Amino acid sequence: MSTPEEDTAAALRALRAENAELRARLGELEKERDAGAYLRAILEATPLFVIRFDHALRLTHINRLAPPLTWEQARGRSPFAFVEPEYHEAMRDAIERARRTGEVQMYDTVGVGAEGRPANYRTHVSAVRDLDGTTGLCLVVLYVTAQLAQERALADSEQKLRLALEATKLGLWAWDIDC
C-alpha cells in the first residue's frame, strides 16, 4: 500500500506526462494552423482558379469566382455546368484518367470569362483521396485567352515573313558572336 505522498507524486508524474503530450499536440495544431493560413494566402493571391469537387463531382470549394457568378450559384454544381457541352467529353476523359491513374491530366476549354464573354481556359485535373476513402478532384484552371491570342499573332507574323522572303527571293542570316 502506498502513502498519500507517493500517490500525490504518482498523480503529479501522470499530470506532467499528460501536460507534455498536450503541449506536443498543441505544437502540432499550431503548425497545422500556420500551414492552413499559408495555403489560404496562396489561394487568395494566385490568379488561378483552384476548385475542389467531391466524389460526386459537386463543387465544394473555389478560391475565386468570375463575376457575376456567386458562391450560392456555384456551390454543389458539376464541373460540366461551367463549360460548353462540346468540351464535356474531353473533360470526362481527363477526370476519369486522373481518378484511374492518379496522374495529373489536362484539357482545354472555352467558358464564360469576364463580363460574360467567351474565354479560353487550360485546366489541370488531379484526383484527391478524401478522408472517407472516396476520390474527389482538384481542378486548377488557368485563363489562357491572351496567351493564345499572342501565339496566333506570332504564327501569323512568321507566316507573313516566310511569304515575303519567298516572294523577294532574299535570304536572311543572323550572326550571333556571343556563342
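Q: By class, what makes up the lining of the largest pocket?
A: In this predicted model, that lining holds 20 nonpolar, three polar and two charged residues. Here Ala, Val, Leu, Ile, Met, Phe, Trp, Tyr, Cys and Pro count as nonpolar, Asp, Glu, Lys and Arg as charged, and the others, Gly among them, as polar.

Q: How much space lies in the largest pocket, and why is it called a pocket?
A: About 480 Å³, taken as the space filled by probe spheres set on the grid points. Ile 51, Leu 69, Phe 82, Val 112 and Tyr 121 are the closest to its centre among the 25 lining residues. The name fits because a pocket is an open set of points on a 1 Å grid where a 1.4 Å probe fits, with protein on both sides within 12 Å along at least five of seven lines; lining residues have an atom within 4 Å of a point.

Q: Which strand gives the largest share of this lining?
A: S3, with four residues. Strands are DSSP runs of E, at least two residues long, numbered from the N terminus.

Q: What makes S2 and S3 edge strands?
A: The open sheet runs S2-S1-S5-S4-S3, with antiparallel pairing. S2 and S3 each pair on one side only, so they are its edges.

Q: How do you know that S1 and S5 pair?
A: Pairing needs at least two DSSP bridges between two strands. S1 and S5 have five, so they qualify. One of the bridges joins Phe 49 to Val 141 in S5.

A note on the numbers: residues are counted from 1 along each chain as its sequence is written, and side-chain values use heavy atoms, without hydrogens and water. Local features need pLDDT of at least 70 and side-chain atom pairs 80 or more, while totals for chains, interfaces and linings use all residues.
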